[in-house]
Amino acid sequence: MDGTDDPVVLIVEDEPDVAGTYEIWLEEAYEVRVAADGDEGLRRLDDSVDVVLLDRKMPGLSGDELLERIRERGIDCRVAMVTAVDPDFEILEMGFDTYLSKPVDADQLTETVEALLARSEYDSLLREYYALVEKRAALEATKEDAALAENREYRRLTAEVEELRDRLSETIGGIADDEEFIAAIRGVDDGGGG
């Protein structure tokens with residue numbers, strides 16, 4: 001399925017039957033790449049990858065080591081550890097987005113990928129929202145109200161801010177006004193929302 005606009009999911013799993021099962025579950029909705037170990041996973045990783053499903057214990061480069069490489073490279077993807085290794089306190093230092101304990105079923109894996117993609121979309125929207133709000137605030141601090149009201153670009157900017165706020169509000173859930181929205185966003189930024 002290379003060359004499509006479908007989100008790209010990279011499965012890094014050394015058990016061929018397990019990797020093949022994951023691929024079957026996901027290939028209808030996503031462009032799926034499969035790597036048989038951490039070294040191959042590193043080679044198949046690029047900026048087009050949206051989600052990595054990563055086993056921890058593999059020959060060669062382990063899942064933990066591959067996760068470190070992903071974060072060192074600054075690749076903007078979400079990572080789900082999908083592993084039989086029970087989580088211990090060492091996971092507090094690891095840069096994954098979610099942790100699934102094997103065995104997983106089709107619904108659980110699909111829902112995890114969907115949630116991680118939604119989180120990526122949310123982060124992108126949030127960055128865009130902040131940038132637009134900063135622009136609006138800068139203009140409002142220096143321009144008269146009448147000048148702002150007459151300016152078509154300012155009106156377009158304001159409409160974009162409202163649209164993004166509505167989309168983000170849908171994600172966060174039922175926020176009525178700007179002050180409540182900003183408080184909710186600050187809560188997310190401080191770690192309260194995810």
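A salt bridge is a side-chain nitrogen of Lys or Arg within 4 Å of a carboxyl oxygen of Asp or Glu. The structure is a predicted model: local features need pLDDT of at least 70, side-chain atom pairs count only at pLDDT 80 or more, and totals for chains, interfaces and linings use all residues. Residues are numbered from 1 along each chain as its sequence is written, and side-chain values use heavy atoms, with hydrogens and water left out.

By the salt-bridge rule, the count comes to 10. In one of them, the side chains of K102 and E13 meet at 2.8 Å, N to O. K102 lies in the loop between β5 and α4, and E13 in the loop between β1 and α1, so the pair ties together parts that are 89 residues apart in sequence. Helices (H or I, at least four residues) and strands (E, at least two) are DSSP runs, numbered from the N terminus. Burial is judged by relative accessible area: buried is under 20%, exposed is over 50%, and partly exposed is in between (1.4 Å probe, protein chains only). E13 is buried, at 2%. K102 counts as partly exposed, at 21%.

K102 also forms a salt bridge with D55, the closest N and O atoms being 3.6 Å apart. D55 lies in the loop between β3 and α3, so this pair with K102 ties together parts that are 47 residues apart in sequence. D55 is buried, with a relative accessible area of 5%. A network of salt bridges links E13, E15, D55 and K102.

Another salt bridge lies within a helix. R156 and E153 meet through their side chains at 3.5 Å, N to O. Both residues lie in helix α6 (residues 152-172), three residues apart, about one turn of the helix. An α-helix has 3.6 residues a turn, so residues three or four places apart point the same way. R156 is partly exposed at 43%, and E153 is partly exposed at 47%.

The loop between β3 (49-54) and α3 (63-73) also holds R56. R56 counts as buried, at 4% relative accessibility. Its side chain makes polar contacts (a pair of N or O atoms within 3.5 Å; within protein, one must be able to donate a hydrogen and the other to accept it, and residues adjacent in sequence count only if both atoms are side-chain atoms). One joins R56 to the side chain of D64 at 2.8 Å. Another joins R56 to the side chain of Y99 at 2.9 Å.

The strands form an open sheet. Its five strands run in the order β2-β1-β3-β4-β5, with parallel pairing. Two strands pair if DSSP finds at least two bridges between them. The edge strands, β2 (31-35) and β5 (98-101), each pair on one side only. β3 pairs with β4 (residues 78-83) in the parallel sense over four bridges. V52 stands opposite V79 in β4.

Contact means heavy atoms within 4.5 Å. Axes are lines fitted to C-alpha atoms, for helices over the stretch in contact, and angles run from 0 to 180 degrees between N-to-C directions. Helix α1 (residues 16-26) lies across β1 (8-12), β2, β3 and β4, running at about 165° to β1. Helix α4 (residues 106-142) touches β1, β3, β4 and β5, and its direction makes about 160° with that of β4. In α3, the buried residues are G63, L66, L67 and I70. These buried residues pack against β1, α2 (38-44), β3 and β4.
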